[in-house]
Amino acid sequence: MEETFEPKILAFCCHYCAYAAADLAGVMRLNYPTGIRIVEVPCSGRVEVSEILRAFEHGADGVMVAG
Amino acid sequence: MAIPHHPTSSVLVVGGGVGGMRAAVDLAEAGLKVYLVESLPWLGGRVAQLGYMFPTHDCVLCRGTSDHGYGCTRPSISPAFLDFNRHPNIEILTNTDLIRVEGRAGDFTVTVRRRPTYVDPEKCINCGLCTAVCPVDMPSFFEEELVTRKAIYKMAPRALPDAYTVDKVPRCEICRRCESICPTGAVNLDEEPCEQNLNVGAIILSMGYALSDPEEYGELGFGRFPNVIHSMQYERLASRSGPTEGIVLRPSDGRVPKRIAWLQCIGSRDQKYPYCSSICCMYATKEAMIAKERIPDVHCQIFIMDERAFNKEFNAYYERAQKEYQIEYTRCRLSAVKEDPQTHDLILRYPDEEGRMREDRFDMVVLSLGSRPPDGARDLARVLGIDLNPYGFCETDKFNPLETSRPGIYVCGTFQSPKEIAETIIDAAGAAGDVMRLLREHLGEHLSSREYPFLWRPDGLVPERDVRGESPRVGVFLCRCTPTLDGVIDVEEVAAWARTQPDVAHVQLVDYGCFEAGQDAIRKAIQEHHLNRVIVGACSHRTHEPLFQKVTRQAGLNPYLMEMVNLREHCAWVHVDDPAGATRKAKEMLRTALARVRLAEPVYKEAVVPEPRALVIGGGVAGMTAALTIADAGYEVVLVEREPELGGNLRYVYYVAEGEDPQRLLRDLVNRLVGHERIRVLTRTEVVSHTGHVGDFRAVLRTTTRTGETVEAEIRHGVTVVATGGQEWRGAVYMYGRDPRVVTSMELEEMIVHRPDRIAELDQVVFIQCVWPEGEVGYCSRICCTNTMKNAIRIKMLNPDCQVIVLYRDIVTYGFREAVYTEARRRGVIFMRYDEEHMPTIRSVGPQLELVAWDPSLRREVPFYPNLVALSMAVLPSEGTERLARILDVPLSQEGFFMEAHLKMRPMDFVAEGIFVCGMAHYPKFIEECIANAQAVAGRALTVLTKDRFYIGGVVAQVDQSKCVGCLTCVRACPFGIPKVRYTDVGVGGIQGAAYIDPALCQGCGTCTAECPAKAIQLLAYKDEQVLAQVL
């Protein structure tokens, strides 16, 4: 069978930096797989362990906290 | 309803860099109207080109892209400059030049000419089709000519205004492909220039600086050798949004460099440009540190004359560069760079520490360029009728550092003298403070409100509808943004899918949501379909959320009932090659947004009417200047000074290096202060308690009467200014206190002024610089070198035969102060450098003082037998600084001075709004710098005092005290020190003591909510269930 695994990754992004960086990736027309989803938070400090675990519980293959 | 106003309640700010933007925001906040004129097509100035700032290494990504502000510290500059969040009092005129200035202070008529950009920023949607079809390549000035750009282009990926511009060349006339391909008809190559007259009361010049021309130094190989680049090119290479996405590569072969050299003072401190550019030591250090972080095993060597790390935390940064990063600093000014023509490696010859010549090869050489006056400064000075100094920068008076030679025209930033970002910010706020004093009758004339997250005039809103108890009726608006979104995502399919989702009452496709027609459609649909939740599937929160929040509010809903889905930056633009995947992802994004918007709740702010009174703590030059500026602008001031007399350190400064009379300044300030109808001066008085928040503080002041009794009084005030100054250290080192021939720098000044006869008798004087309490955090006290020069020159004037020797670590005569260093050398003052391994020693030998110092050129110790030794003692924070910090509940920096909200972008603010710091309480500084700083805090204070009301709270953390166990986790977790456990509050189970978070202070980061083990804290708009909803 052909290898088609595309990981699902949830990224918690700080509004002020990482979210802006993700915006810039778009503005610069960079490419990344569609399996990456971004959740905007006011600060990476807002992210709780339980939220990260919840993401894994719901099938995320990876979680990124960026800030 | 139009607001009536006097035409001269307006101010012109020339220059849209970081200084101009800061000045504009402060003036706008004080209720004045601002025209911000920038000659380039976009705002941002030099700072926009920088990837990182020293010494914080804050990423300037958000700044360089200028779509947001200046780091995570809010409220900073550019939220007011977001395209859709612009301050209602600021009118931005880009690509515009100043043509004519007539009139006088309070009533100028200014003619400006706007050159066409050929693109209507209101219609440009940044799709980029135009630039893709443009056949013309030109060198990119923003990328310092490292790459090319098209004739139709944007300075940076994100710019302000966020639109393309045409740099029209003859070929454009016949080509016109951009015009025909533009989906919104935004391009018009026939646009004409236009002139406009502006009536303004005052003008602030913030025109920045130009870079030195590296080609003037042909011997260093720039322009001949490909691997010799200049420092701004390096900044672009190191910037993540630069041409190489942050990977520094050798221009000749694209290899990663393993050995990089920086050559300092290129176009500074030489015969032609005799001043110091003030910033190069630090930026070269930063550039080298970034290289070390990114390239394993890279060797970085900086060739310096003196290391000038003279601002807050700069010295610690310099030390870190040497100790942690192993950056090598070599004291040598190189006269030539040679190249190996085969490899394009560069060969540098220089003497090592032993004095032997050595030859080293480098992969890359960076020339640290100095600052020049801005291009066109001479012509503009003529138009404005202002004087320039001999170096071509703006002439200012020592004690009026922000005033030009023409009344009503002020200057800030690097056009006044070379300086870094924090000082530019201070200047800019100070110039704004000066203008507020001039235009005092007009303050508050243009009111704006921060009741909602977008800036808004307080008129014309329909009442907000109460949606509590209603079941969710969600309206989904999908922007086509043709071709940006609908060219990748199948928006029809997404819309059809959305219609099937629970609670969705209405789904609508709009062509361009941000256009007037799109906004109308959304407003109409919200009302017609009785929606109580809104989703806008369009672009970024960061650019357009304020706009759609405004639209939502205009339709009668709380702005927080709207949720944005970033289908552009986070979906269509990054998945261009995968339309099916993008469509699938768009649905997923919409699904989580729906989950979140169902849980959305209104968020409100609390209105505060500010108490129109300022408390100024400290009666030195900074405190007195701040008090006078605030009082002149029309507000009451209570100034407290713990000494019996006003004046602080200024009382002991008798002359300055530049020649002015500080004692006259002192008399003027004291006379104006005590005679001022709005200032109450309380001497022998200290602040013993300070509570409340911005706009509504209370302080208890304790006065000791002449008879020794103490009297306490409470005052209520809207803002607090901390101006408690600094003091000269008087430590028992180098026999100080044991031998009367050893004096401090201030004592020497007393002697020069009051006992010139004693100076006339001297044969030899030795100055020792950088005298420091052992074991303390080392920092540069900034003023000592220049003070030593001024005293050394005085001694030489009074007694030319006296030998004057200065033992120094680094000579820090930054900016135009370099002239006094040159003058001291010209008069025969001898300078000898010492370092940590070779500290001078002093002892008495019979009746003589014997001072032994290491001579680095002779490489041996040399004894001196001076009649007088002057110690440049460290400047420390004044006595009681720690106690006052506790009373005010504000932090101190590691050096012991008050710690500002942000080292670079908010140097005069505390994180706690409404409390400001200026003068030596912030860091050692010169009189003129204290004055600029004091005016800056006065201006900042006036932005609070001039408001009829302002708003606190919003997206802040709230404690449910019935769940709080008072465990102190939030107190420890908060990066801003805001939560308090108050014994008077009742927590879980009726136990005394529960956490309280002041909504006026909370910065809204939510760290406490994540840490709270009892889940007692929630951040509004980011409650647990709202964030969890997006994780599903």
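**A helix and its surroundings**

Mentor: In chain B, the buried residues of helix H6 pack against strand S12 (210-211), strand S13 (228-230), helix H7 (280-294) and strand S20 (364-369). Contact here is judged from C-beta atoms placed from the backbone, which must lie within 7 Å, while helices (H or I, at least four residues) and strands (E, at least two) are DSSP runs numbered from the N terminus. This is a predicted model, in which local features need pLDDT of at least 70 and side-chain atom pairs count only at pLDDT 80 or more, whereas totals for chains, interfaces and linings use all residues. Residues are numbered from 1 along each chain as its sequence is written, and chains are lettered from A and ligands numbered from 1 in the order in which they are written.

Trainee: Why is H6(B) called largely enclosed by the rest of the structure?
Mentor: Because 8 of the 8 residues of this helix, residues 231-238, are buried, and among them are B:Tyr234 and B:Arg236. A residue is buried if 20 or more other C-beta atoms lie within 10 Å of its own, exposed if 12 or fewer, and partly exposed in between.

Trainee: And A:Val63, how does that one count?
Mentor: A:Val63 counts as partly exposed, because it has 19 C-beta neighbours inside 10 Å. A:Val63 lies in strand S3 (residues 62-66) of chain A, and, not counting residues up to four places away in sequence, it touches A:Leu10, A:Ile52, A:Ala55 and A:Phe56.

Trainee: How far apart are A:Val63 and A:Leu10?
Mentor: They are 53 residues apart in sequence, yet their C-alpha atoms are 4.8 Å apart in space.

Trainee: New topic: how many residues do the two chains bring to their contact?
Mentor: On chain A there are 33 residues in contact with 43 residues of chain B. H1(A) gives the most to that side of chain A, with 9 residues. The residues on this side divide into 20 nonpolar, 5 polar and 8 charged, where Ala, Val, Leu, Ile, Met, Phe, Trp, Tyr, Cys and Pro count as nonpolar, Asp, Glu, Lys and Arg as charged, and the others, Gly among them, as polar.

Trainee: What confidence does the predictor give?
Mentor: For the complex, the predictor gives an ipTM of 0.96 and a pTM of 0.94. Chain B averages a pLDDT (the predictor's confidence in each residue, from 0 to 100) of 93, with 97% of the residues scoring at least 70.
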